[in-house]
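Here is a short briefing to read alongside the model.

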Amino acid sequence: MNILSTERLGHNFHDRWLFKNLHFGLQKGERVALVGANGAGKSSLLSILAGQLEPMEGIVVKERGARVGFLPQDPGFKQFHSINDFIYSPDNPQQQLIRAYEELLVQPDADSRKLTSLTDQISSLDAWEYEHNIKSILTRLQITDFSQAIDTLSGGQRKRLALAKLLIDEPDVYILDEPTNHLDIETIEWLEKLLTTGQKTVLLVTHDRYFLDTVCTEIRELDKGRITAYAGNYRYYLEKKAEREEAEEVLLERNRNLLRRELEWMRRQPQARGTKSKARIDAFHQLEEKTHIQKSGNGLQLSVKVSRQGGKILELENVSKRFGKHTLIDGFSYVFKKGDRIGLAGRNGTGKSTFLNLITASERPDSGNIIVGETTVFGYYKQGGLTVGEDERVIDVVKSVAEHIRMANGDVLTASQLLTLFLFPPEKQFGLVGKLSGGERKRLQLMRVLMQNPNFLILDEPANDLDIDTLNILESFLLTFPGILLLVSHDRYLLDRLTDQLFIFDGNGKITLYNGNYADYKTEQTALAEENKRKNEPQRLVVTLPKKEAKRKLTFQERKEYESLDEAIPALEQQISDQTQALTNTTDHALLTDIAAEIARLNQELDEKTERWMELGEYI
């Protein structure tokens, strides 16, 4: 039974139907990823399912009492002033008690009686574990100052705060739009474990291919207003999608051949047509429309000229940068060389973006020198996005960079032709920037960067908000990019594919150079952690005890033998005692020899009978 479903759902965005008559169902325990091109309507569908957006047509049905939690791409906080106001729900008595307790703890002159009362109340509701979970989630998402005003938070902090609230509330259905944006890799791996623990019901949109493979058990593709389901992870989806597209290409070629024959028939037809001809004409128009729709699936093309690069590219000499008392970069030196493909790794706030701003001269170092080669042309794709007005036309945004652009093959394209290559049709080109989806804005921003013909490409979180198909094309382009590549990304797949060296930021000023990609680094760190754990564990003495034979019952004869031995052994002991006494009372040497021999024989017999008696006694 579906916990969340739709009936004949339809929605229109800027005079274009994203989908009509859409049927979508989500069952308890399913973890589903929604994929599709930018502008296909993924975020709109999630908003409708979460009850945040009213559809133009149809309804959303959810199970009675089911609670739906929603993480949008750009969360809003409405009337909430501080982090505490947002995190702790007023209608949740446990959360309100925990909030009062936490606020009282930080007061220097806290009322001890009130603190004791709150402690007792939390204990009576058995909420201490809940309080620990709240703290763990907030700390993991780097939220520490609960009194901080929300309007002072950055975009990344707001996204992490909204995610924290969702995880704390533990809804019945998790609907997540790009949950890995603004999270560092360690936090993403923690979130993977959290979402796959227990029978959570999850629906998400993400570009992170490793995250998809780990979390999701089903992929659903939204394309041209239709949903196609693929049971399995992302790798399985890619295989099956390729098979489907191959089959569709065969069908398309068959339709084209049929269309050519039908077109010849149409040209030969006289003006007066009968009923049968009318039906064939209708079929011709349907075939023409179907073939036209299928032919429209052109892909994004990335191919631009790269500026010539000289011998000196970029040199950093003992560069340091600190903010207040916090040192982010301390005496770092490096000489960039041709072919460098470097990834920047480290937790959020450790100085990665600051490093990029220093080498592009957006910020100045506190000490040290940064020397840029004369032929070095930076192309800087920033995390912040486009800095243009919402009322500007898309084509004007491109023309502000250049009217023409030279491609890698020598062709010169106009701004309009280049936009077409980047999947912006004429109606989009002359439309307003404000009408673009988040992914389309990122694609436009990427295009503006590449138009500068850079030979030193800096990408700061390029994966955020781009659809997976565009990421695959970007990845293919970057694999053959002949210039320097400097990449900051939480997308582990992108780091593994595109970089062969890492700058690892520890947040205290030290930057470590590591030769290898992120997968190599993670494997090495995991092995070191396990080795250190073994070294720190106390050595325990392992004693192996001999295995006891299973007890068996004595046979009748053995029991009789045991009983006879029980009588014979004392008799033998008495005989030995008597012979020993006789030995002391005689002086006859011949008799002494005989008595000694008898005592030896009796002792041997006693030993044999005693050993046998003990053996049989084990089974009594």
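Helix H15 is mostly covered, with eleven of its 13 residues buried (buried means under 20% relative accessible area, exposed over 50%, partly exposed in between, with a 1.4 Å probe and protein chains only). This is a predicted model, in which local features need pLDDT of at least 70 and side-chain atom pairs count only at pLDDT 80 or more, while totals for chains, interfaces and linings use all residues. Residues are numbered from 1 along each chain as its sequence is written, and side-chain values use heavy atoms, with hydrogens and water left out.

**More on H15**

- H15 covers residues 438–450 and reaches 19 Å from its first C-alpha to its last, close to the 18 Å expected at 1.5 Å a residue (the expected span is 1.5 Å times one less than the number of residues).
- Helices (H or I, at least four residues) and strands (E, at least two) are DSSP runs, numbered from the N terminus.
- Among the buried residues of H15 are Gly439, Glu440, Lys442, Arg443 and Leu444.
- The buried residues of H15 pack against strands E15 (378–381) and E18 (456–460), and also against helices H12 (394–399), H13 (415–421), H14 (426–429) and H16 (468–479).

**The chain as a whole**

- You will find 20 helices and 21 strands in the chain.
- Of the 620 residues in the chain, 44% are buried.
- Among contacts with a separation of 6 or more, 68% come from residues 24 or more positions apart (contact means heavy atoms within 4.5 Å).
- The chain has an accessible surface of about 34,100 Å², and 49% of that belongs to carbon and sulfur atoms (Shrake-Rupley method with a 1.4 Å probe).

**The second largest pocket**

- This pocket holds about 1,100 Å³ of space. On a 1 Å grid over the protein atoms alone, a pocket is an open set of points with protein on both sides within 12 Å along at least five of seven lines, whereas a cavity is a set where a 1.4 Å probe fits but cannot get out; lining residues have an atom within 4 Å of a point.
- Its lining has 45 residues, and Ser154, Gly155, Gly156, His182 and Gln383 lie nearest the centre.
- By type, the lining has nine nonpolar, 23 polar and 13 charged residues.

**The cavity**

- The structure holds one cavity of 30 Å³ or more.
- The largest cavity has about 30 Å³ of space and is lined by Glu221, Asp223, Arg226, Thr228 and Arg244.
- Strands E9 (218–223) and E10 (226–231) are the elements that give two or more residues to the lining of the largest cavity.

**Two residues to look up**

- His14 sits in the loop between strand E1 (2–13) and strand E2 (16–22), and counts as partly exposed because its relative accessibility is 39%.
- His14 and Lys435 are 421 residues apart in sequence, yet their C-alpha atoms are 7.2 Å apart in space.
- Leu46, in helix H1 (residues 42–49), is buried because its relative accessible area is 0%.
- Not counting residues up to four places away in sequence, Leu46 touches Leu34, Phe70, Ile175, Leu176, Asp177, Leu203 and Val205.

Conventions: Points joined across faces, edges and corners; volume = space filled by probe spheres on them. Nonpolar A, V, L, I, M, F, W, Y, C, P; charged D, E, K, R; others polar.
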